[in-house]
Amino acid sequence: MAGSRLPRQLFLQGVAVVFMFAFASLYTQIPGLYGPEGILPARRTLRPQGKGRWQQLWETPTLLWEAPRLGLDTAQGLELLSLLGALLALGALLLSPLRHPVIYLLLWAAYLSACQVGQVFLYFQWDSLLLETGFLAVLVAPLRPASHRKEAPQGRQAGALPHEDLPFWLVRWLLFRLMFASGVVKLTSRCPAWWGLTALTYHYETQCLPTPAAWFAHHLPVWLHKLSVVATFLIEIAVPPLFFAPIRRLRLAAFYSQVLLQVLIIITGNYNFFNLMTLVLTTALLDDQHLAAEPGHGSRKKTATSWPKALLATLSLLLELAVYGLLAYGTVHYFGLEVDWQQHTIHSRTTFTFHQFSQWLKTLTLPTVWLGVASLVWELLSALWRWTQVRGWLQKLSAVVQLSLVGTATVALFLISLVPYSYVEPGTHGRLWTGAHRLFGAVEHLQLANSYGLFRRMTGLGGRPEVVLEGSYDGHHWTEIEFMYKPGNLSRPPPVVAPHQPRLDWQMWFAALGPHTHSPWFTSLVLRLLQGKEPVIRLVQSQVARYPFHKQPPTYVRAQRYKYWFSQPGEQRQWWRRQWVEEFFPSVSLGDPTLETLLRQFGLQDKSPPRTHSTNSTLAQALHWTRTQLSPLEAPTLLWGLLVAVGAVRVVQALLATCSLRSSPLARASGEKRRPAPQKDSGAASEQATPAPSPCSSSLRTTRRKK
């Protein structure tokens with residue numbers, strides 16, 4: 001099997017990119033979400049219980065317990081963690097020596113600390129996915145930089161350690177759990193849109209933050225939408241077992257199918273860093289040979305192969321074709337695909353029942369666990385074989401110690417992950433080894449393994465529910481309060497904000513699905529708007545002048561529920577159309593008994609005023625200055641600016657590396673070796689061949705005198 005050195009580097013860089021986006025996006029929203037004047041002040045979440053310092057840290061694992069020692073309140077400590085996390089991630093992205101286990105451990109600890117006080121605004125599946133992936137990066141990251149190792153003739157690094165591929169296998173297992181569970185829950189939820197293959201006729205319109213491309217995708221033919229749902233089931237349920245296929249072409253086919261799905265989602269929806277995170281996980285399906293990292297891969301000459309190898313290659317090809325044929329037959333059979341040549345369409349329908357699918361899932365879930373076990377055992381045996389190739393007793397001793405530690409951690413994490421994975425089928429969950437349940441229970445609060453299941457049910461089948469806030473000075477004339485990103489103004493096109501996640505806009509989407517009492521934070525949002533708190537106003541409009549009540553807070557605030565639909569192609573300058581449904585939140589003012597009752601009911605009354613002494617510390621003043629400098633930038637602009645800056649630095653690094661390589665003595669020596677030998681009967685002009693001067697260093701040019 002080909003090595004995985006380059007895919008591991010791509011994975012580590014990808015994790016750094018996602019951490020950078022996640023921390024930077026969160027940083028821009030901290031004052032409005034978690035500050036003393038925010039919607040859900042973070043200081044309410046950390047209250048000492050009289051326990052020991054280490055017990056307190058273990059039960060609520062967050063570094064923000066130490067914020068008071070630095071003269072900061074909880075929100076300021078969260079700002080500091082976000083800034084340091086973004087800078088550390090940026091460093092790991094640009095400098096290979098910083099792709100070290102300690103750096104990724106710090107990134108994971110910082111994000112886990114934020115999630116402990118993030119409350120409902122950090123309760124998303126991609127936050128859990130980032131934590132689980134970030135912890136795997138701690139194990140994948142090498143202790144020694146790869147540049148310090150020599151390259152072996154077979155393509156693996158001579159200094160490569162036997163255990164290095166083991167943690168990377170866990171990334172592949174995580175990708176399998178994510179995709180397989182996401183496909184299965186769509187059917188186990190009994191959602192009529194998924195079972196009827198009509199989910200995508202609603203999805204583009206009803207997703208949280210669509211892009212302009214979603215409008216065009218929404219108006220595609222219905223038969224194409226239904227065929228796309230079939231393709232989604234194929235990619236999410238049938239393809240993931242191929243992640244562990246012994247034939248690399250099958251793994252590569254699985255890789256490109258996953259990439260296709262994620263790219264299409266990125267084009268049509270603003271899902272922050274989630275799809276980028278999934279693309280990072282797909283690097284576990286690649287190898288050095290596919291990425292042209294094998295030395296001499298492009299110039300390797302074809303040699304005669306022995307008949308056993310030729311037979312094995314033929315059998316592999318036949319097996320590969322059989323898998324493709326089985327996938328095609330299963331898709332046609334279970335989804336009743338029929339081609340209508342007259343109308344140039346493809347008809348599709350589900351031909352199996354919920355009971356049949358449940359029986360199939362009950363039969364298949366446990367074998368997928370054993371598939372993971374078999375694949376992990378193979379990786380362990382491969383690591384042991386690589387250990388036997390290590391030369392020198394001291395090197396063997398060091399390698400076996402590292403292999404034992406990493407192997408034990410890999411097996412333990414695999415066992416822990418089986419518990420949340422088995423949630424997709426209750427029968428399998430009950431049959432798991434009790435030791436796995438105990439392990440998972442001991443570390444569950446660290447989020448080392450999580451359950452996943454995206455787009456479980458399709459919402460908004462009768463129209464997209466949307467909450468529209470309104471303010472008034474007299475209680476008679478109302479002005480709509482428009483958000484920057486979520487739908488509101490009918491003529492405003494959907495924005496492109498990824499990889500930023502406007503967390504208030506996302507929660508507004510969830511709030512619209514039920515009564516306001518299911519979203520207690522909404523009452524606090526209304527209170528802050530009545531008080532005219534600028535940090536919260538900046539979550540609604542980053543440019544305060546665009547906020548309709550920026551001069552004076554409204555006297556009254558209320559909320560209405562509408563249903564939104566995409567406009568039809570013939571409607572000019574209209575992206576949306578809407579219809580009023582009902583009042584979502586009653587009209588209230590400061591001191592209103594209804595508002596006070598709701599605040600008291602949800603425990604949102606501010607009983608403990610914020611500390612004032614924390615703003616006097618030097619660190620707090622530095623944080624305030626940084627916030628002042630960055631606040632004029634909108635969050636998407638800040639994140640894309642970071643990405644452009646990273647790209648510019650990487651280009652400069654590549655140019656400097658090229659110049660250094662061309663001007664190195666080794667490169668000149670190899671150029672001398674490649675120069676053809678002079679002929680005895682040739683003329684003076686053909687005797688000498690002067691190499692082209694290096695464009696990077698003119699001082700290294702050499703000339704020869706003619707004889």
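In this predicted model, Glu466 stands opposite Tyr562 in strand S5. Strands S3 and S5 run antiparallel and are joined by nine bridges. On its other pairing, S3, which spans residues 464–472, meets S4 in the antiparallel sense over three bridges. Two of the residue pairs there may be named: Leu469 stands opposite Ile481 in S4, and Gly471 has Thr479 as its bridge partner in S4.

The hairpin of S3 and S4 has six residues between the strands, and within this hairpin Gly475 takes a positive phi near 85°.

How many of the nine residues of S3 are buried? Nine of the nine are, so S3 is largely enclosed by the rest of the structure. This holds for both directions in which the residues point: Arg464, Glu466, Val468, Glu470 and Ser472 point one way, Pro465, Val467, Leu469 and Gly471 point the other way, and all are buried.

I turn next to the backbone geometry in the loops. Most residues other than glycine have a negative phi, and most peptide bonds are trans.

Pro499 belongs to the loop between S4 and helix H18, the latter covering residues 503–511.

The next site is Gln447, which is not a glycine and yet has a positive phi of about 55°. Gln447 is in the loop that runs between helix H17, residues 434–443, and S3. Is Gln447 buried or exposed? Its relative accessibility is 18%, and because the limit for a buried residue is under 20%, Gln447 counts as buried.

The remaining site is Asn272, again not a glycine, with a positive phi of about 45°. Asn272 sits in the loop between helix H11, residues 248–268, and helix H12, residues 274–281. With a relative accessible area of 6%, Asn272 is buried.

We move on to helix H6, residues 165–188, where Arg172 is found. Arg172 counts as buried, at 11% relative accessibility. Which residues does Arg172 touch, leaving aside those up to four places away in sequence? They are Phe243, Phe244, Arg251, Ala284, Leu285, Ser375 and Glu379.

The structure holds four cavities of 30 Å³ or more, and the largest cavity has about 70 Å³ of space. Its lining consists of Glu132, Phe135, Leu136, Leu170, Trp173, Leu174, Arg177, Leu413, Phe414, Ser417 and Leu448. Two or more of the lining residues come from each of helix H5 (125–140), H6 and helix H15 (393–421). The largest share, four residues, comes from H6.

A word on the cysteines. A search of the whole structure finds zero disulfides.

For contrast, consider Thr618, which lies in helix H22, residues 618–630. Thr618 counts as exposed, because its relative accessibility is 65%. In sequence, Thr618 and Gly71 are 547 residues apart, while their C-alpha atoms are 8.6 Å apart in space.

I close with the chain as a whole. Its secondary structure comes to 25 helices and six strands. Of the 707 residues in the chain, 49% are buried. Finally, among contacts in the chain with a separation of 6 or more, residues 24 or more positions apart account for 76%.

Technical notes:
Residues are numbered from 1 along each chain as its sequence is written. This is a predicted model: local features need pLDDT of at least 70, side-chain atom pairs count only at pLDDT 80 or more; totals for chains, interfaces and linings use all residues. Side-chain values use heavy atoms; hydrogens and water are left out. Buried means under 20% relative accessible area, exposed over 50%, partly exposed in between (1.4 Å probe, protein chains only). Contact means heavy atoms within 4.5 Å. Two strands pair if DSSP finds at least two bridges between them. A disulfide is a pair of cysteine sulfur atoms within 2.5 Å. On a 1 Å grid over the protein atoms alone, a cavity is a set of points where a 1.4 Å probe fits but cannot get out, and a pocket is an open set with protein on both sides within 12 Å along at least five of seven lines; lining residues have an atom within 4 Å of a point. Grid points are joined across faces, edges and corners, and a volume is the space filled by probe spheres set on the points.
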